[in-house]
Amino acid sequence: MSTDDRPVAAEPADLERLFVQRVNDRDVDGLVALFEDDAAIAVSPGQTVAGGAAIRRFFEEYVASGVTLTLGDQQPVLRTGDIALTSTRLADGGVTAEVARRQPDGSWRWALDQWNVLA
């Protein structure tokens, strides 16, 4: 499936579901498409991945590791205009926080993603 054939996030809350689905499908292109080109992801304390090329390399390794995800308890989206804060409580007790931005086509992509704010 090409990136153009994949569903986009029509609302900020769609991003988490699409993220989990694409990790489990081993869909690197689809994962990269959820992030802005200059996004930054704090994947662990002291490890940040930034920019499209680095994010792609990270997700290639991440999905190759065989990880599978389940949907967590997504918290209500906090939104003002074209910016939204998304957050999910994970099954392992971790909590994510992400900043999403509405794109010119009306879809949403993450600009910032912190995988575990409690770490």
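Q: Contact means heavy atoms within 4.5 Å. Leaving aside its neighbours within four places in sequence, which residues is Gln-103 in contact with?
A: Once those sequence neighbours are set aside, Gln-103 touches Glu-36, Trp-108 and Arg-109. Before we go on, this is a predicted model, where local features need pLDDT of at least 70 and side-chain atom pairs count only at pLDDT 80 or more, while totals for chains, interfaces and linings use all residues. Residues are numbered from 1 along each chain as its sequence is written, and side-chain values use heavy atoms, with hydrogens and water left out.

Q: Where does Gln-103 lie?
A: To place a residue, look at the elements around it: helices (H or I, at least four residues) and strands (E, at least two) are DSSP runs, numbered from the N terminus. Gln-103 belongs to the loop that joins strand 6 and strand 7.

Q: Is Gln-103 buried or exposed?
A: The cut-offs go by relative accessible area: buried is under 20%, exposed is over 50%, and partly exposed is in between (1.4 Å probe, protein chains only). Gln-103 has a value of 15%, so it counts as buried.

Q: Which residues of helix 3 are buried?
A: They are Ala-54, Ile-55, Phe-58, Phe-59, Tyr-62 and Val-63.

Q: What covers the buried residues of helix 3?
A: The cover includes helix 1 (14-24), helix 2 (28-32), strand 1 (35-44) and strand 2 (47-50).

Q: Could we zoom in on Phe-59? What is it in contact with?
A: Phe-59 sits in helix 3, and at 0% relative accessible area it is buried. Beyond its neighbours within four places in sequence, Phe-59 contacts Phe-19, Val-28, Leu-31, Phe-35, Ile-41 and Trp-115. Take Val-28: it is 31 residues from Phe-59 in sequence, yet 5.9 Å away in space, C-alpha to C-alpha.

Q: What follows helix 3?
A: Helix 3 is followed by Gly-66, with a positive phi near 90 degrees. Just after helix 1 comes Arg-26, and its phi is positive too, about 60 degrees. Arg-26 is a residue other than glycine. You'll find Arg-26 in the loop between helix 1 and helix 2, partly exposed at 32% relative accessibility.

Q: How many residues of helix 1 are buried?
A: Eight of its eleven residues are buried, so helix 1 is largely enclosed by the rest of the structure. The buried ones are Asp-14, Leu-15, Glu-16, Leu-18, Phe-19, Val-20, Arg-22 and Val-23.

Q: What about the strands: is Thr-86 buried or exposed?
A: Thr-86 is part of strand 5 (residues 83-89). With 2% relative accessible area, Thr-86 is buried. Not counting residues up to four places away in sequence, Thr-86 touches Pro-12, Val-77, Thr-96, Ala-97, Glu-98 and Trp-110. Gln-74 lies twelve residues from Thr-86 in sequence and 7.8 Å from it in space, C-alpha to C-alpha.

Q: And is Leu-78 buried or exposed?
A: Leu-78 is exposed, at 58% relative accessible area. It is placed in strand 4 (residues 78-80). Setting aside neighbours within four places in sequence, Leu-78 contacts Ile-83, Ala-84 and Leu-85. Along the chain Leu-78 and Pro-12 are 66 residues apart, while their C-alpha atoms are 9.4 Å apart in space.
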